[in-house]
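Subject: Handing over a structure, with notes

Dear colleague,

Please read the notes with the structure open beside them.

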Amino acid sequence: MPVLTSRAIQIDAPGGPEAMQLRQIEVPEPGPGEVRVAHRAVGLNFIDVYHRTGLYPLPMPATLGMEAAGVVDAVGSGVTHLQPGERVAYVAATPGSYADARTLPADTVCRLPDGLGFDVGAAMMLKGLTAQYLLRRVRGQHEVVAGDFILFHAAAGGVGLIACQWARAMGLQLIATAGSDEKCALALANGAAHAINYRKENFAERVREITGGAGVKVVYDSVGKDTFEGSLDCLMPFGLMVSFGNASGPVPPVAPALLAQKGCLYLTRQTLFMHMRGREATQAMADDLFAAVESGDVKIHIDQRFALTDVQEAHRTLEARQTTGCSVLML
């Protein structure tokens, strides 16, 4: 049987965008519980930058990328929910999607509804499932119900724009932060009730004004170091601080006494793949996301498209925070 080869973007050591190199690699036949997918589009995410720079270390050499959409090429023994020729999308715990094809565990691979394009499938799995678990699964002491205020940082990014729309559909008053007036306008156009340009205003003070001094029940923060302490100041007593990213750098160590001083707050550090343990959980989350997109409650904004060979430019654009919505590599 001939060996299948694929173009792939790999790194040999952590570094800048120039560390990523285009290579030809072998793609193995799927083993038990595995599936091989021929990609049509690949999602671009900030976690890819963390992997490239070494913030999240990987064994070397490493193929980058967490999500993609395409067509099932082959399935291994024991895989019953997928067949060759089916349209699929996935986000995987192990990087490797910056390629024409890959073999991976089948549990995180989901059928892509016919009405959704490959570019949409590739763009929405990591970001959409992240928004899904944040809004639908993460809970603190306060029940979050229609009419409640929540704060979402980086709201004009891929996860943020999905969260703005989904929160509006849930009846929540999402307060968005972003780094420019244009990005604030984009968040408002996608369902945010209020938007704060953190480069012009103190977002904690503005949140208190918006909420009449009460604060919000939940803060969702993927920015990290630059927004963390201000985020705590936005919460009502017993509020929940949800940290799920480090775009500005890791959050420094936190003294538990600080949480007490600021209102006996709850703090959690969340990751997507803890929620995606097992095929049933993954499928349920994906079904919720697909339904939200197919109903029109959530629109996936793909504002940047790059060729696989332009991946260095794509990373530079992402790191410079010059992107809005989602970005994809088209194959």
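Throughout this note, two residues are said to be in contact when heavy atoms of theirs lie within 4.5 Å. Please bear in mind that this is a predicted model, in which local features need pLDDT of at least 70 and side-chain atom pairs count only at pLDDT 80 or more, while totals for chains, interfaces and linings use all residues. Residues are numbered from 1 along each chain as its sequence is written, and side-chain values use heavy atoms, with hydrogens and water left out.

I begin with Arg-36, which lies in strand β3; strands (E, at least two residues) and helices (H or I, at least four) are DSSP runs, numbered from the N terminus. At 7% relative accessibility Arg-36 counts as buried, where buried means under 20% relative accessible area, exposed means over 50%, and partly exposed is what falls in between, computed with a 1.4 Å probe on protein chains only. Apart from its neighbours within four places in sequence, Arg-36 has contacts that include Leu-4, Val-27, Glu-29, Val-71, Asp-73 and Arg-102. The side chains of Arg-36 and Asp-73 are joined by a polar contact of 2.5 Å, a term that stands for a pair of N or O atoms within 3.5 Å, of which, within protein, one must be able to donate a hydrogen and the other to accept it, with residues adjacent in sequence counting only if both atoms are side-chain atoms.

Arg-36 also belongs, together with Glu-29 and Asp-73, to a network of salt bridges, a salt bridge being a side-chain nitrogen of Lys or Arg within 4 Å of a carboxyl oxygen of Asp or Glu. In general, side chains of opposite charge can pair when their charged atoms come close. How many salt bridges does the structure hold? The count is 15, and three further pairs are described here.

In one of them, the side chains of Asp-12 and Arg-23 meet at 2.4 Å, N to O. Asp-12 sits in the loop between β1 (4-11) and β2 (21-27) whereas Arg-23 is in strand β2, so this pair ties together parts that are 11 residues apart in sequence. Asp-12 is partly exposed, at 44% relative accessibility, and Arg-23 is partly exposed as well, at 25%.

Another salt bridge brings together the side chains of Glu-86 and Arg-111, at 2.9 Å, N to O. Because Glu-86 lies in the loop between β5 (67-75) and β6 (87-91) and Arg-111 in strand β8 (residues 109-111), the parts tied together are 25 residues apart in sequence. Arg-111 has a relative accessible area of 44% and is partly exposed.

The salt bridge between the side chains of Asp-119 and Arg-305 has an N to O distance of 2.7 Å. Asp-119 is in helix α2 (residues 118-136) and Arg-305 in strand β15 (residues 302-307), so the pair ties together parts that are 186 residues apart in sequence. Asp-119 is buried, with a relative accessible area of 18%, whereas Arg-305, at 48%, is partly exposed.

The side chain of Gln-10 makes a polar contact of 3.3 Å with that of Arg-23, and another, of 3.0 Å, with the side chain of Thr-63. Leaving aside neighbours within four places in sequence, the residues in contact with Gln-10 include Ala-19, Ile-25 and Pro-61. Pro-61 is found in the loop between α1 (46-53) and β4 (62-63), and the peptide bond that joins Met-60 to Pro-61 is cis, with omega at about -5°.

As for helix α1, its buried residues are Asp-48, Val-49, Tyr-50, His-51 and Arg-52, and what covers them includes β1, β3 (34-44) and α10 (311-319). Gly-54, which follows α1, has a positive phi, near 95°.

Finally, which residues have a positive phi although they are not glycines? Ala-154 is one of them, with a phi of about 50°; Ala-154 lies in the loop between β9 (149-152) and α3 (158-169) and is partly exposed at 33% relative accessible area. Phe-238 is another, with a phi of about 65°; Phe-238 has its place in strand β13 (residues 235-243) and is partly exposed, at 36%.
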